[in-house]
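The sequence and structure are shown first, and the comments follow.

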Amino acid sequence: MKIYFNGKLIDREKAYVSVFDHGLLYGDGVFEGIRAYDGLVFRLNEHIDRLYRSADAIELKIPLTKKEMQDAIVDTLKANKLRDGYIRPIVTRGVGDLGLDPRKCPKPTVCIIAHNITLYPKEMYSNGLAIITAKTRRNYTQALDPRIKSLNYLNNVLAKIDAIKAGTEEAIMLTHDGYVAECTGDNIFIVKNGELATPPVDIGALEGITRDAVIGLAKNLKIRFSEKRMKMEDVYGADEVFLTGTAAEIIPVVVVDKKKIDGGKPGPVTAKLTAAFRELTRSDGVKYEV
Ligand code: PMP
């Protein structure tokens, strides 16, 4: 396996960062998760834009132009002969000393991993997922805005541990004041009386690229949609619930906090959007040859 590492494609066995890298010491850096489907990178420009927005938000200057980043991502896919895959670009503050000061890190570390990812067992896509409400609240936007896709994912990891302890794979994270924000690695949608809704990202959620794609598909399919602040009661009372994310794609949720959603089976709006999403990912993207 080849890893892009500071401008070179090197063997996985040689791809190590320094213990003085502030990505390791402080989670000081940003990352993306991107998918390629049959030789098409899905929404590559949107992912690169978000990576650079996240870097800007933490005052980290990525030492590549967006075009160079795009080429590096495609080169990494090609070097690994992957027509289908999951790509993880990472930019850290770089090597510094043991203090926090980012000025001590002259050169950001840039890595790109192209591999595979399977978040949930296949049967969960047909039967649906059981999830819980995490006791860990989502980061307060004025402390660490969840719109920044930073390497500091401990907030999400703690909520994931809540999920695992409850015997589930995912957890809903609430804002500090009790509104539904998102899950540990996915956005959340509900369907009620044929209308699709998801929380607005400014309450404290990542602006998911799959989320945006699903909103676009809903428009094309003439499914009514709105961004809505919601409480857990809205989730419990929904006709359908599903999660979206690059790694997860679209996954139905059938049980929340041990309560069955509607009949406890994935619903028709979820199925319609899933089929449309599948078609979109196989027809729209940045094309490359391996
Ligand atoms: N929320 C969080 C916290 C995430 O980490 C992710 C990405 N894994 C998402 C939502 C979904 O975003 P996207 O659709 O861009 O992958």
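1. In this predicted model, a polar side-chain atom of Thr210 is placed 2.6 Å from an oxygen atom of the ligand. Of the 390 Å² of accessible area that the ligand has on its own, the protein covers 94%.

2. Which residues come nearest to the ligand? Of the 17 residues around the ligand, these are Tyr153, Glu182, Ile209, Thr210 and Thr246.

3. Arg211 belongs to helix H6, which spans residues 209-220. Is Arg211 buried or exposed? Its relative accessibility is 2%, so Arg211 counts as buried, the cut-off being under 20%. Beyond its neighbours within four places in sequence, Arg211 is in contact with Asn187, Phe189, Thr198, Pro199, Pro200, Val201, Leu206, Glu227 and Thr244.

4. Val19, Phe20, Leu24, Leu25, Val95 and Leu98 make a nonpolar surface patch of about 550 Å². Val19, one of these residues, lies in the loop between strand E2 (8-11) and helix H1 (22-26). With a relative accessible area of 57%, Val19 is exposed, because the threshold for that class is over 50%.

Conventions:
Residues numbered from 1 in each chain as written. Predicted model: local features only at pLDDT ≥ 70, side-chain atom pairs only at ≥ 80, totals over all residues. Heavy atoms only, no water. Patch = residues over 30% accessible without salt bridge, like charges linked within 9 Å, V, L, I, M, F, W, Y side chains within 5 Å. Areas by Shrake-Rupley, 256 points an atom, 1.4 Å probe, with all protein chains shown as cover. Salt bridge = Lys/Arg side-chain N within 4 Å of Asp/Glu carboxyl O. Helix = DSSP H or I, 4+ residues; strand = E, 2+ residues; numbered from the N terminus. Buried < 20%, exposed > 50% of the residue type's maximum accessible area, 1.4 Å probe, protein only. Near = heavy atom within 4 Å. Polar contact = N/O pair within 3.5 Å; in protein donor to acceptor, adjacent residues only side chain to side chain. Contact = heavy atoms within 4.5 Å.
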